[in-house]
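Welcome! Take a moment to look over the sequence and the model below, and then we will walk through a few of its features together.

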Amino acid sequence: MAVTATAAAGAVTALGLAAAPAAAAPTATTAARPGDACTVADLGTRHPYIKTTEVSPTITHFKGWYVTEGTTGQQTVSTDTTTVISVSVGLNDTIETSFAVEALSDVKATVGLDVKLEYTSTSEESNSVTWNLTQPGYYGFYKGTKKVTGTYGSLNCNRAQQDDGSWALKWTEGPGSGSFTTFTTLEEGAVRCQDSVPADSIMARAQTLLDCGSAAPKADHPAGAVAPTAKQKPDRPAPQPAPTAGTPAEQPTATGHSTRAALDCSTEAYKIAVPGKPLSWGAPLLADDGVRLRPSSIFSAHLDNWRLCNVTEQDGVLEASLWNWGNGGCATIAEQNASTERAVLMTVPCAEDDLQRFYIYRDVPGSPKIGVQNKYTGSMMGYDRYADGEFIRQYSNGRQDGTGTFDLTGV
C-alpha cells in the first residue's frame, strides 16, 4: 500500500480533531429543506426532499361498448389494459428502504393526494368494470388513476461557513437524486360522448378515447364490444429491467474486485469511535466477518486503526476510501447486499470501486464528529445498539436516534 502524505492528506488535516462540543438531540427533519439548520446528531442521517411533481389523469383500462334499446341495465365488461403504472423511486421499485418510503410520504404531503406508498402496479388490478346503464348509446368502460411523477433530491447534514466566517451545521443537497412514480386509487366507470364531464378529469380522459367524432358510435351496431381504434389499443411500456443493486438512481457503475488499487493514503491513522464511549470500528480478521464495534487495547493489532485514502473534497464533503491498518483491506458493502437495508459493512482487498468509497460529513471545525455515507448505495453507516461485537450496518436514512454520528480521532 502506498501510505504517503500528499495534497490529499491536507484535506484530511483540515478535519480539525480538537475537543468536541456536546452532542445535541436529533431533530425532526421530515420537512427539512436545503439551508435549514441541523444538529450534530443529524450528521449520520439522510432525508429525501421533493423537487418537482406532476399529476396527470391516466386511463389504465378501457373498452368501447355499444348498448342498444333493450340491453340497458347492469353490465359487466372486461376491459383491455392500455397503460401500466408501477410505483418506483429511482431505479429501485421494491420500496423496501426507509428512504424510498419517506420520499413517497413526502410526495403525498406535497401533492395532497392519497398516493401509493409501497410497490404495486395497475396491472395487478382486476380489469372488470360493472356499471348500471340507463340509456342506450356508445360507452367507454374505463379504469383510471392520477399518475404522480417528479424528481427528488437527497439532504445530508454537513458544516457550512457563514458570511461572517463562522461555521454552522446545515442541511445541504448531497449525492443521490432521481425520479419517482406513484399513483392514486383506481377509479372506474362508464362515459358517453354526450356526457358533460369535468375538464382534465379521469372521466374526460376516458371520453377522449371514445373517438366521438368517428362514425363508430353513429352507425348501426349490435350490442356489445366495439373494436378498439388505434387510440384505444393497449399502450404497454417496455418491460422494466430487473432492479439493480443499490438505492434510487444514485449508483454509478461499480467495477469488479479483480485488481488491487494502489491507494494514496494519509500518514495519519484514525479511530472511528462512538462519541464519549470506548467502542470503535474494528475490522475483522476473517474475510466473511464484518466490521464491528470493539474496545481498543494493546491487543487490537491495529484493527481499530483506519487511514483515509485517495481523498477528494467537493462542497465541503470529503470522499475517501477507508483502509484498515490491521488487515490491509478496504471498507465496503458487499455488492450482492448493496440494496439491502441493514447490510453489514465488510472489508475486502482494495480496488477502484464505488462500493469502497465513502462520503464524510463533518461537524464545525474543532469537533471530530462525522457521519459516514457509502457512495454507491447512498446509505449511512450506523449500528442497531451499543454493544461489544455489534455490526456496523448501512441504513438508507441513517439512524434517527443519533447513533450514526461518530468521532474521527487521530491516533
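Is Asp-195 buried, partly exposed or exposed? With a relative accessibility of 25%, Asp-195 counts as partly exposed (buried means under 20% relative accessible area, exposed over 50%, partly exposed in between, with a 1.4 Å probe and protein chains only).

## About the model

This is a predicted model, where local features need pLDDT of at least 70, side-chain atom pairs count only at pLDDT 80 or more, and totals for chains, interfaces and linings use all residues. Residues are numbered from 1 along each chain as its sequence is written, and side-chain values use heavy atoms, leaving out hydrogens and water.

## Salt bridges

The whole structure holds 18 salt bridges (a side-chain nitrogen of Lys or Arg within 4 Å of a carboxyl oxygen of Asp or Glu). One of them joins Asp-195 to Arg-192 at 3.4 Å, N to O; Arg-192 counts as buried, at 15% relative accessibility.

## Strand S18 and its neighbours

Strands (E, at least two residues) are DSSP runs, numbered from the N terminus. S18 runs antiparallel to S17, joined by 5 bridges, and antiparallel to S21, joined by 3 bridges; two strands pair if DSSP finds at least two bridges between them.

Side chains connect here too: Lys-369 and Asp-407 form a salt bridge at 3.6 Å, N to O. Lys-369 lies in S18 and Asp-407 in S21, so this pair ties together parts 38 residues apart in sequence. Both Lys-369 and Asp-407 are buried.

Note on methods. Helix = DSSP H or I, 4+ residues; strand = E, 2+ residues; numbered from the N terminus.
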